[in-house]
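Colleague: Could we go through this model together, taking one feature at a time and starting from a single side chain?

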Amino acid sequence: MYNRRKIESMKERYPKGTRICLDNMENDPHPIPPGTKGTVEFIDDMGTVFCKFDNGRSLGMIPGEDSFHKIQEEVQTEEICEELAEEPEIEISM
């Protein structure tokens with residue numbers, strides 16, 4: 001498994017609330033489909049990344065066995081769109 005330093009690094013990189021996208025899950029008898037997005041709930045002391053997926057499933061992913069990536073940019077884009085939608089329109093006349 002991972003050493004403490006590696007696990008602490010993972011906890012910093014994937015804190016609670018981090019959005020991820022599952023790339024591949026080969027060794028699970030009931031895998032979550034690739035491309036499914038979810039939110040990190042926590043990382044345990046063994047380095048397992050526990051996530052609540054948008055399809056309603058919750059699962060612990062094992063780095064090295066399962067592959068996933070962070071999609072922080074998507075969250076930022078959604079927040080920007082929400083902020084723009086709340087701003088009043090400004091009409092410019094020439």
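Colleague: Is arginine 19 buried or exposed?

Modeller: The model is a predicted one, and burial is judged in it from relative accessible area, with values under 20% counting as buried. Arginine 19 has a relative accessible area of 16%, so it counts as buried. The residue belongs to strand β1, which covers residues 19–25.

Colleague: Which side chains does the side chain of arginine 19 join through polar contacts?

Modeller: A polar contact is a pair of N or O atoms within 3.5 Å, where one must be able to donate a hydrogen and the other to accept it. In this chain, the side chain of arginine 19 has such a contact of 2.8 Å with the side chain of aspartate 54, and another, of 3.0 Å, with the side chain of threonine 39.

Colleague: Where does arginine 57 lie, and what does its side chain reach?

Modeller: Arginine 57 sits in the loop that runs between β3 (49–53) and β4 (58–61), and at a relative accessibility of 29% it is classed as partly exposed. Its side chain comes to 2.8 Å from the backbone oxygen of histidine 30. Once the neighbours within four places in sequence are set aside, the residues in contact with arginine 57 are His30, Pro31, Ile32, Cys51 and Lys52. The C-alpha atoms of arginine 57 and glycine 38 are 9.1 Å apart, and these two residues are separated by 19 residues along the chain.

Colleague: How should I read an aromatic pair, and how many are there?

Modeller: Two quantities describe a pair of aromatic rings, namely the distance of the centres and the angle of the planes. The count here is two aromatic pairs. One of them is formed by phenylalanine 42 and phenylalanine 50, with 4.6 Å from centre to centre and 15 degrees between the planes. That pair counts as stacked because planes under 30 degrees apart are given that description. Phenylalanine 42 is partly exposed at a relative accessible area of 43%, and phenylalanine 50 is also partly exposed, with 25% relative accessibility.

Colleague: What order do the elements follow from the N terminus on, and what percentage of the residues count as buried?

Modeller: The chain contains two helices and five strands, and from the N terminus on these run α-β-β-β-β-β-α. Of its 94 residues, 27% count as buried. As for contacts between residues at least 6 apart in sequence, 46% of them join residues at least 24 apart.

Key. Residues numbered from 1 in each chain as written. Predicted model: local features only at pLDDT ≥ 70, side-chain atom pairs only at ≥ 80, totals over all residues. Heavy atoms only, no water. Helix = DSSP H or I, 4+ residues; strand = E, 2+ residues; numbered from the N terminus. Buried < 20%, exposed > 50% of the residue type's maximum accessible area, 1.4 Å probe, protein only. Contact = heavy atoms within 4.5 Å. Phe/Tyr/Trp six-rings, centres within 6.5 Å; stacked < 30°, edge-to-face > 60°.
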